[in-house]
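Visitor: Please take me through one part of this structure up close. Then show me what lies around it.

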Amino acid sequence: MKLIVEHGRYGYTLDNLLYDDINFAVNEGEILSILGPNGVGKTTLLRCITTLLKWHSGHTIIDGVPVTGRNRTNIWEKISYVPQTSSAKFPYTILDMVLLGRCSHLKVYSMPSKKDYDIAMHALDQVGIAHLYRKKCNEISGGEYQLVLIARALAAQPQLLILDEPESHLDFRNQILVLSMLEKVVREGNLSCIINTHYPEHAMRLADNALILGRGRQYLFGKAADIISAENLSDVFGVKVKMLPFEYGGKTLSSIIPLEVI
Amino acid sequence: MDPVSHIESWEAAPKRHGIPLLTKVILVLLPLVVFVLSFGLGRYNVSPQAVWGILWGQAFNLPSSYPGTDTSVIMVLRFPRILMCLLVGAGLSMAGAALQGMFGNPLVSPQILGVSAGAGFGAALAILLSGSIFMIQTMALFFGICAVAITYAISRFKGGDSSVYMLVLAGVITSAFFEALISIIKYVADPFSKLPTITYWLLGSMANVSWQDLMMVAPIIGFGIVGLIIMRWRLNILSLDDDEARSLGININASRIMVIIFCTLITAASVSVCGIVGWVGLVIPHICRIIVGPNHKNLIPACLSVGAVYLLMIDNLARSLVSTEIPLSILTALVGAPFFAYLLSKSGGQWS
């Protein structure tokens, strides 16, 4: 599927806009990474894209059809959203939690069937934690929990996966675990993907395109390899940055080190 | 670990994942057993054979060989009362579970949205005005629903969607307002005739339940119960934050309004016939979470069974313990509070 944001404008107050005329696109099978400093509106942008918040002007266009108030809930048949942390207040089992992802495919009065259980279980298997299905959500590690949320998103069988900083509370190993799992399922399923991250390295490693949000409604959109550069990062984040590129597994990765505040 | 072998071993999992068979059987049989036994309990002694004979005779319209008093005690006094207990107990427990789920808060009871205070005011006003039983019930129902409508309206003052947080606060406001109105009515009511009636009524009692009452509220409570049963799986999604729930593809405002309507109908109808019965809707969901876990798909049916049994047993105590009727709210708390404390000490407050 193809998602386009056209002339997007939004701000919590009218005289303090976060974005004014923002434009970008995600094509089928593409990963877009969104970068930017705290408070610049990365999460807000995801909420606007998915129309959880309403654009002041401009549109989100999905497969050529603008999303309006009327077809707002229908978009969740194609899009899955993984929030930063989940708000589950009850310790549901992992399978029960992943099963909730089937909601958009079920009628209001119907219950999940055997088929839905199978799909949920398959999603858990895709992210490699099928063996945990009977555990409770409060009995597993943060990394595993993030995989549960990704599995729940996959259980909805989306064409576009949107994730809000999926790796930000995780340690070293779990970050790489979650990211590589994510890359695998997205590439295997030829899904489109939008991912917010605080780590430019992760964006370089994962993404085809990048969108860098800066202060004062500035933004950069382009090939990740092109626009994630020391100059752009130091401009946007206000720190002196050193990039050390190296080869790993046939790919050029970079170590990106913030040196001092400008 | 090899993930594929886990998938294979999982084949039977959905069944294993539901309520275990033994628990299921107990949850189905227990209400039936307590239902049958309750006919024989009470200050007026009717032997088990007589109970059986009378019920059998009434069912098949056989000529009765039992004394007329026995027949009327069973058929006119106990039968509708027992059914009402099952209905109200089940309804209040399910409403409590649904609202605790929706608010993501274990302290929530069906009273949270102001329905009991509103219904209590309606009834107290009707008693003050020397209204008929029918008028008391209608006014209780009417003001109970009004109170929730006010709560909902307040929660949307800021425009847009009504958040759970605003609903709770609005419920507190509405409850406080209607409780003050109840106090005014008690203050001006005749202290020798009307005040005791009002006070007694507000504590909840099944003493005067008739077939007519049952016919009036059973469809309303039944409607709410069926609605919550249909929505039970979706309550899991409503227990999440707004954005997360929306992104799972649920229409959150419509779903929330449905739950509020079902719970309000159950609670207002209950209060309109048997006064304010506290504590049931608060505790039974917790007990049921300990038995079947937090998944509302299992929790709601469990509440139906356990809630019905609990209120019926409490009412059996209320009508047989001493020679005068004990108000229900006194017993639900006196019996329920220590029991709940015991459960909490066992489970450490874990919802599972």
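Guide: Start with strand S6 of chain A, residues 79-82. Both of its faces are covered. A:Ile79 and A:Tyr81 are buried on one side, A:Ser80 and A:Val82 on the other. Buried means that 20 or more other C-beta atoms, placed from the backbone, lie within 10 Å of the residue's own. Strands here are DSSP runs of E, at least two residues long, and helices are runs of H or I, at least four long, both numbered from the N terminus.

This is a predicted model: local features need pLDDT of at least 70, side-chain atom pairs count only at pLDDT 80 or more, and totals for chains, interfaces and linings use all residues. Residues are numbered from 1 along each chain as its sequence is written, while chains are lettered from A and ligands numbered from 1 in the order in which they are written.

S6(A) has a partner. It pairs with strand S7 of chain A, residues 160-164, in the parallel sense over 4 bridges. Pairing requires at least two DSSP bridges between the strands. A:Ile79 has A:Leu160 as its bridge partner in S7(A).

Now the largest nonpolar core. It has 181 residues. Such a core is a set of buried Ala, Val, Leu, Ile, Met, Phe, Trp, Tyr and Cys residues joined through C-beta atoms within 7 Å. Among those with the most contacts inside it are A:Val98, A:Ala120 and B:Met94. Helix H5 of chain B, residues 68-103, gives the most, with 17 residues.

Chain B has 15 helices and 0 strands. Of its 352 residues, 46% count as buried. Its C-alpha trace spans about 70 × 50 × 40 Å along its principal axes.

How values were computed: A residue is buried if 20 or more other C-beta atoms lie within 10 Å of its own, exposed if 12 or fewer, and partly exposed in between; C-beta atoms are placed from the backbone.
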